[in-house]
Amino acid sequence: MANFPALTLTDNGISIQTKAQTGQPLAFTRIAVGDGEFSGDISELTALLNEKQTLDITSIAIPSAGAARLRTTLSNAGLGNGYYVREIG
């Protein structure tokens, strides 16, 4: 299982999280992964830099207050070329 340490929310992500904390519904619809590399401030980004795959969410759990765990399956089936997963959204 992959671990993605130091995940960072964008400004839009912070806005969505704030709305969820005030009681507005938060609907997770998909997981996207890509191989983009960015060395600046990601706060203003609104999409992955280089999305490679869209993944279905297979389960959502709430392991503790204020946290959610989304699961998916990442497969290289159907890919013409491999890539390094450097971004997730």
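Two strands count as paired if DSSP finds at least two bridges between them. Helices (H or I, at least four residues) and strands (E, at least two) are themselves DSSP runs, numbered from the N terminus. By this rule S1 and S5 pair in the antiparallel sense over two bridges.

The structure is a predicted model, in which local features need pLDDT of at least 70 and side-chain atom pairs count only at pLDDT 80 or more, while totals for chains, interfaces and linings use all residues. Residues are numbered from 1 along each chain as its sequence is written, and side-chain values use heavy atoms, with hydrogens and water left out.

Along the principal axes, its C-alpha atoms fill a box of roughly 45 × 30 × 20 Å. Of its 89 residues, 16% count as buried; buried means under 20% relative accessible area, exposed over 50%, and partly exposed in between (1.4 Å probe, protein chains only). The accessible surface comes to about 7000 Å², and carbon and sulfur atoms hold 50% of this area. Such areas come from the Shrake-Rupley method with a 1.4 Å probe, and for residues only the protein chains shown count as cover. A contact means heavy atoms within 4.5 Å. Among the contacts with a separation of 6 or more, 52% join residues 24 or more positions apart.

The sheet comes next. Strands of a sheet pair through backbone hydrogen bonds, either parallel or antiparallel. Here three strands form an open sheet in the order S2-S1-S5, with antiparallel pairing. Strand S2 (51-55) and strand S5 (87-88) each have a single partner strand and stand at the edges, so one side of each is left without a neighbour in the sheet.

Strand S1 covers residues 31-34 and pairs with S2 over four antiparallel bridges. Across from Ala32 stands Thr54 in S2, and Val33 stands opposite Gln53 in S2. Towards S5, Gly34 has Glu87 as its bridge partner. The side chains of S1 are divided between two directions: Ile31 and Val33 point one way, Ala32 and Gly34 point the other way, and all are buried.

Two salt bridges are present in the structure. A salt bridge is a side-chain nitrogen of Lys or Arg within 4 Å of a carboxyl oxygen of Asp or Glu. In one of them, Arg30 meets Glu51 at 3.0 Å, N to O. Arg30 lies in the loop between helix H1 (11-21) and S1, whereas Glu51 is in strand S2, so the pair links parts of the chain 21 residues apart. Arg30 is partly exposed, with 41% relative accessible area, and Glu51 is also partly exposed, at 36%.

Another salt bridge joins the side chains of Arg86 and Glu37 (3.7 Å, N to O). Here the residues are 49 positions apart: Arg86 is in the loop between strand S4 (69-71) and S5, and Glu37 is in the loop between S1 and S2. Arg86 is partly exposed at 42%, while Glu37 counts as exposed because its relative accessible area is 62%.

Thr46 also belongs to the loop between S1 and S2. Its relative accessibility of 68% makes Thr46 exposed. The C-alpha atoms of Thr46 and Asn12 are separated by 7.0 Å, although these residues are 34 apart along the chain.
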